[in-house]
Amino acid sequence: MQIKGDKWTPILFITPSIVAIGIFIYGFIGWTSFISFTKWNNVLPDYTLVGFENYRKLFANMRFQIDLHNTLVFTVIFVTSCLLIGLLLAVLIDQRIKGEGIFRNLFLLPMALSFIVSGVIWHWLFNPGSIQMGNIGVNQLFEKVGLNFLICGWYTDPNIGIKAVAIAAIWQFSGYTMALYLAGLKGIPLELREAAAIDGASKWKIFYYITLPFLRPITFGAIIILGHISLKIFDLIVAMTGSGPAFSSDVPAFFMYDTTFRGNHFAQGASIAIILLLLVSLLIIPYLITTFRKEA
Amino acid sequence: MKISVTRLLIYIILAIFTIFYIIPMYIMIATGMKSFAEVSLDTMWNLPLSLNFNSFSLAWVGSIKQGFRGLSGSFFNSVLLVIPATIISALFGSLNGYVLTKWRFYGSDLIFTMILFGMFIPYQSIVIPLVLTLQKLHVYGTIPGLILVHVIYGIPISTLIFRNYYITVPTEMIEASKIDGANFFGIYRWVIFPLSTPGFAVAMIWQFTSIWNDFLFGLIVTPNPASQPITVALNNLAGSYIVQWNVQIAGALLTALPPILVYIFLGKFFLRGLMQGSLKG
């Protein structure tokens with residue numbers, strides 16, 4: 001439903017936003033794409049076109065290959081853990097337990113923090129110390145409670161690298177998934193579960209045949225949101241680890257910043273940015289289209 | 001008896017997760033409170049013996065002798081930045097949401113979707129032109145420049161929040177005031193705006209938190225320490241080898257304080273913004 005009447009005033013009022021978004025989002029994306037096809041890999045701009053040369057170099061670059069691998073590892077660990085922990089916590093909190101609000105607020109609190117804040121803290125928690133210092137951080141805690149087998153080098157170990165960052169990211173975002181699932185659980189008609197219980201369905205059956213299907217759209221939405229966050233992860237890497245030994249915690253977003261603003265390889269940075277944008281678009285555009293086609 | 005075993009199991013699992021969520025908070029608060037004599041990585045898990053705020057004051061004012069900058073200046077930069085940016089982007093969002101729900105025109109749905117896309121893009125894909133443009137506009141490296149950036153890139157989310165809110169306002173109400181002779185702006189001023197308090201609360205709290213917590217724009221738009229927001233300053237503090245770890249962690253708590261206070265006192269609105277971010281209105 002909309003109001004009939006003067007057609008141009010509303011359009012006039014939304015025009016500044018359309019112009020701003022048109023220039024600062026779409027125009028700039030076009031501009032970045034243009035730069036990615038040029039020779040500008042030095043302090044001074046050089047707009048000589050070189051075709052796909054920057055992209056060819058990029059995919060041949062060992063660092064970028066490691067980055068793509070790291071992003072994949074990070075995304076899989078981060079998204080599945082957030083979904084599983086979020087679902088588990090939501091289902092438990094939904095059991096009319098005592099202190100429901102306290103648990104919910106505590107688990108969601110990290111969402112309010114900057115990635116830089118959590119990065120600084122997790123940097124110290126996962127600091128493996130040194131031979132002189134002995135164990136510090138989480139390792140020291142493990143030593144105290146007798147979980148010595150869990151002691152490891154965290155982000156200083158190239159085999160762990162990005163996985164340590166994933167743990168910090170899970171700490172920050174699993175409460176968010178919990179909140180999404182909690183809202184979904186509240187939306188399931190009580191009669192449905194009660195009717196199934198009267199028919200003699202076990203708790204597990206109700207969960208599997210009623211609760212889970214109801215939560216499917218939420219899971220789908222959460223995968224998109226978490227997935228695009230993990231493709232873009234940057235702040236946490238900067239504050240917690242940087243590139244890490246042998247680029248073991250490097251990601252495309254960090255590589256882009258590094259090569260563009262520290263190395264002055266603008267065209268190469270632009271090509272990384274465009275690849276990153278394409279990856280995010282693959283997730284987001286179908287989601288936007290399906291979400292808003294349904295509503296209209 | 002069987003039921004209470006399940007209950008017990010529920011509480012045990014929740015307790016384990018509570019430990020996981022609380023550990024970083026514990027370290028942040030306990031370490032910040034320790035005196036310098038007590039601070040040692042060997043005893044980082046111990047409770048502080050007494051309350052001591054030296055780490056905070058050092059993180060706040062910095063030290064000329066040790067040669068590092070405190071966070072106080074950046075804290076005020078962030079305050080100076082976040083207030084106008086939050087208010088302006090909420091106003092834009094309100095106006096856009098009003099048009100996109102109550103005055104829809106041919107192509108308005110497409111425009112809405114195209115605006116929304118802006119909230120998902122990796123900002124890496126626009127930062128190079130952004131820096132060049134801000135330099136041309138002579139606002140590069142300044143707080144007004146950073147405000148402009150946050151207002152523009154805040155348009156998608158605030159438009160979404162207000163659109164989702166105004167969709168719940170019955171259109172008949174507006175039709176009625178239109179018959180009474182009110183025009184586009186009159187309806188906004190006398191009907192929509194007075195109803196908008198919840199929308200503004202959600203949008204402004206969301207924008208406050210995300211602008212306060214932003215790092216990438218601050219890092220790239222304001223490379224000079226004098227106009228840096230607090231997240232960038234904290235990252236510099238933490239990256240410096242001369243700053244003790246307890247001062248870094250105290251700095252992290254100072255940076256986290258405003259959003260934590262918002263979360264504690266206005267958590268309901270924060271949660272609503274969070275839900276809207278996932279597009280479910």
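This is a predicted model: local features need pLDDT of at least 70, side-chain atom pairs count only at pLDDT 80 or more; totals for chains, interfaces and linings use all residues.
**View 1. The contact between chain A and chain B.** In this view, 82 residues of chain A are in contact with 72 residues of chain B. On the side of chain A that touches chain B, helix 1 (residues 8-36) of chain A supplies the largest share, 16 residues. By class, that side of chain A consists of 61 nonpolar, 17 polar and four charged residues.

**View 2. Helix 7 and helix 9 of chain A.** Helix 7 covers residues 162-186 of chain A, and helix 9 covers residues 203-232 of chain A. The two pack at an angle of about 155 degrees, and their axes are 9 Å apart. Because angles over 145 degrees count as roughly antiparallel, helix 7 of chain A is roughly antiparallel to helix 9 of chain A. The crossing of helix 7 of chain A with helix 9 of chain A is right-handed. On the helix 7 side, the residues that meet helix 9 are Phe173(A), Thr177(A), Leu180(A), Tyr181(A) and Gly184(A). Their counterparts in helix 9 of chain A are Phe214(A), Leu215(A), Ile218(A), Ala222(A) and Leu226(A). The residues of this contact comprise eight nonpolar, two polar and no charged.

**View 3. Ala246(A) and Phe247(A) in a loop of chain A.** The loop that holds Ala246(A) lies between helix 10 (235-240) and helix 11 (252-262) of chain A. Phe247(A) is likewise found in the loop between helix 10 and helix 11 of chain A. Ala246(A) is not a glycine, yet its phi is positive, at about 55 degrees. Phe247(A), also a residue other than glycine, has a positive phi near 55 degrees. Ala246(A) has 13 C-beta neighbours inside 10 Å and therefore counts as partly exposed. Phe247(A) has 22 C-beta neighbours inside 10 Å, so this residue counts as buried; the cut-off for a buried residue is 20 or more.

**View 4. Domain 1 and domain 2 of chain B.** Chain B is divided into domain 1, residues 2-52, and domain 2, residues 72-277. Taken over C-alpha atoms, the centres of domain 1 of chain B and domain 2 of chain B are separated by 34 Å. Seven residues of domain 1 of chain B are in contact with five residues of domain 2 of chain B. The side of domain 1 of chain B that touches domain 2 of chain B has four nonpolar residues, two polar residues and one charged residue.

Key: Residues are numbered from 1 along each chain as its sequence is written. Chains are lettered from A and ligands numbered from 1 in the order in which they are written. Helices (H or I, at least four residues) and strands (E, at least two) are DSSP runs, numbered from the N terminus. A residue is buried if 20 or more other C-beta atoms lie within 10 Å of its own, exposed if 12 or fewer, and partly exposed in between; C-beta atoms are placed from the backbone. Two residues are in contact if their C-beta atoms, placed from the backbone, lie within 7 Å. Ala, Val, Leu, Ile, Met, Phe, Trp, Tyr, Cys and Pro count as nonpolar, Asp, Glu, Lys and Arg as charged, and the others, Gly among them, as polar. Axes are lines fitted to C-alpha atoms, for helices over the stretch in contact, and angles run from 0 to 180 degrees between N-to-C directions. Angles under 35 degrees count as roughly parallel, over 145 as roughly antiparallel, 65 to 115 as roughly perpendicular and the rest as oblique. A crossing is left-handed if the near helix is turned anticlockwise from the far one by less than a right angle, and right-handed if clockwise. Domain bounds come from an automatic or database domain assignment.
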